[in-house]
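Thanks for coming, everyone. Please have the sequence and the model open on your screens.

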Amino acid sequence: MTPPTSPHPTAAAPPEPELRIDAERNRERILAAARRLYAREGLGVSMAAVAREAGVGKATLSRRFATRQDLIAAVFADRMDGYAAAVDTALADPDPWRGFTGYIYAVCAMQAADRGFADVLTMTFPTAKPLEARRAQAYHGFLELITRAKNSGHLNPDFTDQDMPMLLMANAGVIAATADAAPETWQRLVAYMLRAFATPGTEVPPLPAAPGPRALYRAMVRLGRPGPPAGTRNSGADSPAN
């Protein structure tokens with residue numbers, strides 16, 4: 001016997017696959033928006049700003065990423081892969097000093113391309129196990145790079161892994177000041193630092209040209225302007241290479 005037909009049939013619920021597609025689409029929009037903002041402004045960007053940039057509500061953002069650290073970890077997972085790969089490439093170079101200098105340039109170039117990158121290297125993500133594993137892998141590879149470059153006689157014996165965060169902090173300041181006026185200036189800073197790291201007589205990369213007076217003046221003006229708040233860092237974080 002056929003059951004009676006309801007006079008007011010209810011609309012069928014959207015199929016679950018469609019809901020999953022919408023959820024994934026929102027997630028990708030959020031990640032893309034966060035990447036743009038972090039790269040341009042650093043990690044001080046608020047979750048509300050990310051939601052606005054992505055065109056989603058704060059509730060939608062919270063469903064996808066419960067905390068700010070969850071979002072940052074997801075955004076920079078591929079950057080951490082690139083960071084670890086830079087160490088692998090350097091270790092594969094049969095010339096220890098060339099591998100070391102190539103690694104320094106690669107990491108500083110990543111920093112120049114993405115203002116949030118250096119901040120991420122000073123943070124810890126206890127719940128993001130794959131990201132933390134890649135960080136640990138990169139750190140131990142960096143220690144090996146240091147040992148090899150010292151043993152070859154090219155890296156100053158006084159150099160330690162703690163000199164890397166010092167370089168990144170200095171580079172971050174140059175990048176922030178010269179990003180619009182003289183965006184290649186960081187390369188000159190890194191070349192100077194490599195001269196300081198090298199032992200006497202070691203061949204070093206050529207020194208890039210200095211920025212012009214007008215470009216440097218614009219950078220100094222930019223430096224004097226108030227900027228966005230710095231990204232929140234974990235007070236107990238390991239070094240950028242850790």
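Start at Thr178, which sits in helix H9 (residues 163–178). Helices here are DSSP runs of H or I with at least four residues, strands are runs of E with at least two, and both are numbered from the N terminus. Is Thr178 buried or exposed? Its relative accessibility is 7%, so Thr178 counts as buried. The cut-offs: buried is under 20% relative accessible area, exposed is over 50%, and partly exposed is in between, with a 1.4 Å probe and protein chains only. Setting aside residues up to four places away in sequence, Thr178 touches Pro183, Thr185 and Ala219. Contact means heavy atoms within 4.5 Å.

Before going on, two notes on the source. This is a predicted model, so local features need pLDDT of at least 70 and side-chain atom pairs count only at pLDDT 80 or more, while totals for chains, interfaces and linings use all residues. Residues are numbered from 1 along each chain as its sequence is written, and side-chain values use heavy atoms, with hydrogens and water left out.

Now the partner of H9. The axes of H9 and H10 come within 9 Å and cross at roughly 160 degrees. Axes are lines fitted to C-alpha atoms, for helices over the stretch in contact, and angles run from 0 to 180 degrees between N-to-C directions. H9 and H10 are therefore roughly antiparallel. For the angle classes, under 35 degrees is roughly parallel, over 145 roughly antiparallel, 65 to 115 roughly perpendicular, and the rest oblique. H9 passes H10 in a right-handed crossing. Right-handed means the near helix is turned clockwise from the far one by less than a right angle; left-handed means anticlockwise. On the H9 side, Leu167, Ala170, Asn171, Val174, Ile175 and Thr178 take part. They meet Thr185, Trp186, Leu189, Val190, Met193 and Phe197 in H10.

H10 has another neighbour. Helix H6 (residues 96–113) and H10 have axes that come within 11 Å and cross at roughly 150 degrees. That pair is therefore roughly antiparallel too. The crossing of H6 past H10 is right-handed. The residues of H6 in this contact include Trp97, Phe100, Ile104 and Cys108. Those of H10 include Trp186, Val190 and Leu194.

Next, H5 and H8. The axes of helix H5 (residues 77–92) and helix H8 (residues 129–151) come within 9 Å and cross at roughly 25 degrees. H5 and H8 are therefore roughly parallel. Their crossing is left-handed. Among the H5 residues in the contact are Met80, Tyr83, Val87 and Leu91. Among those of H8 are Leu131, Phe142 and Leu145.

Leaving out neighbours within four places in sequence, Pro208 is in contact with Gln187, Arg188 and Ala191. Pro208 and Gln187 are 21 residues apart in sequence, yet 6.7 Å apart in space, C-alpha to C-alpha. At 22% relative accessibility, Pro208 counts as partly exposed.

Then the core. The largest nonpolar core has 55 residues, and Tyr38, Leu71, Phe100, Tyr103 and Ile104 touch the most other members. A nonpolar core is a set of buried Ala, Val, Leu, Ile, Met, Phe, Trp, Tyr and Cys residues joined through side-chain atoms within 4.5 Å. Beyond four places in sequence, Leu71 contacts Ile30, Leu31, Ala34, Tyr38, Met47, Val50 and Phe65. Val50 itself lies in helix H2 (residues 47–54), where Ala49, Val50, Ala51 and Ala54 are buried. Just after H2, Gly55 takes a positive phi of about 75 degrees.

Asp70 is in helix H4 (residues 68–75). Asp70 counts as partly exposed, at 29% relative accessibility. Phe125 is 55 residues away from Asp70 in sequence but 8.1 Å away in space, C-alpha to C-alpha.

Finally, the whole chain. It has eleven helices and zero strands. Of its 242 residues, 38% count as buried.

How far can we trust it? Mean pLDDT, the predictor's confidence in each residue from 0 to 100, is 83, and 83% of residues reach 70 or more. Confidence is lowest in helix H7 (residues 115–121), at a mean of 76, and highest in helix H10 (residues 185–197), at 96. Over residues 228–242, pLDDT stays under 50.
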